[in-house]
Amino acid sequence: MYEILNEDQYNDTYGRYRMYKALKLKHQYDSDFYIPGERTIYRIMETAGLVHRPKRNPHGITKADKNARKSDDKLQRDFKSDEPLKKCITDITEIKGSDGKLYVSALFDCFDVTVLGLAMDTNMKAPLCVAALENAYSAYPNMRGCICHSDRGTQYTSKLYRDKINELGIIQSMNSDGGRCHDNARCESMWARLKDELFYSRNLKSTDLTVAKLKVMIWRYYMSYWNNRRISSSNDGLPPKVKRDRFYAALSIAA
């Protein structure tokens, strides 16, 4: 059978991350392991008070500069990649703290959703996005030649950001003309998971935490938990690090 998590155990896992799918992925080859239906798990969690339905209306925070020079959409909503460091997506999200707003910029690898670079600040100006780029390149210098896709916000059309993109040898890509959110939907889904797993599903409010505390939580969530331990259905149930390690191990065997 299965064990019902108590509240402390549940919160330690960064909230509800689709428990049913996690069980199926982890035990897909174990015929003796009983996996209850998704509705059964959901009903148990709801009874235990572990389900929260936030009333919120998500909206984009970056604003397009209609007069700025744009880059072509080189991804065309194809967010899959057969190799690391060939395609990545980037965006900014806003999280309200008790003493102000925190803006988070990240680069996600389309190969295995690894967070390549992360930067946080109390404003959403172009230097925030440049810092995320620099952090990614510092950790992964082989990303030279990688396509980096974003929306058409003024941060990404700024001279500061374009100069940094060119300096690092990264190829810029932007949403198609009109700025439809679907053109960067993969990145939006990453933000949704962050907020659900850190706050909504744990019945926590970001406004109860200081910006300094939020920075620590988000850094640990992405750079420790997300990259190394969080299973992902897009990776066939593997954490990003495991998928990446297996890719490079297979290359070395083939060589």
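**From a buried serine to a helix pair**

A: S105 has a relative accessible area of 0%, which means that this residue is buried (under 20%; exposed is over 50%, partly exposed in between, with a 1.4 Å probe and protein chains only). The model is predicted: local features need pLDDT of at least 70 and side-chain atom pairs pLDDT 80 or more, while totals for chains, interfaces and linings use all residues. Residues are numbered from 1 along each chain as its sequence is written, and side-chain values use heavy atoms, leaving out hydrogens and water.

S105 belongs to strand β2, residues 100–109 (strands are DSSP runs of E, at least two residues; helices are runs of H or I, at least four; both are numbered from the N terminus). Among the residues that S105 touches, not counting those up to four places away in sequence, are T90, G117, C129 and W191 (contact means heavy atoms within 4.5 Å).

C129 is also one of the α4 residues in contact with α6, where L160 and K164 are among the partners. Helix α4 covers residues 126–139 and α6 residues 159–168; their axes are 9 Å apart, at an angle of about 15 degrees (axes are lines fitted to C-alpha atoms over the stretch in contact, and angles run from 0 to 180 degrees between N-to-C directions).

A salt bridge joins K164 and E134, 3.0 Å from N to O (a side-chain nitrogen of Lys or Arg within 4 Å of a carboxyl oxygen of Asp or Glu). This pair links α6 to α4 across 30 residues of sequence. K164 is buried at 13% relative accessible area, whereas E134 is partly exposed at 36%.
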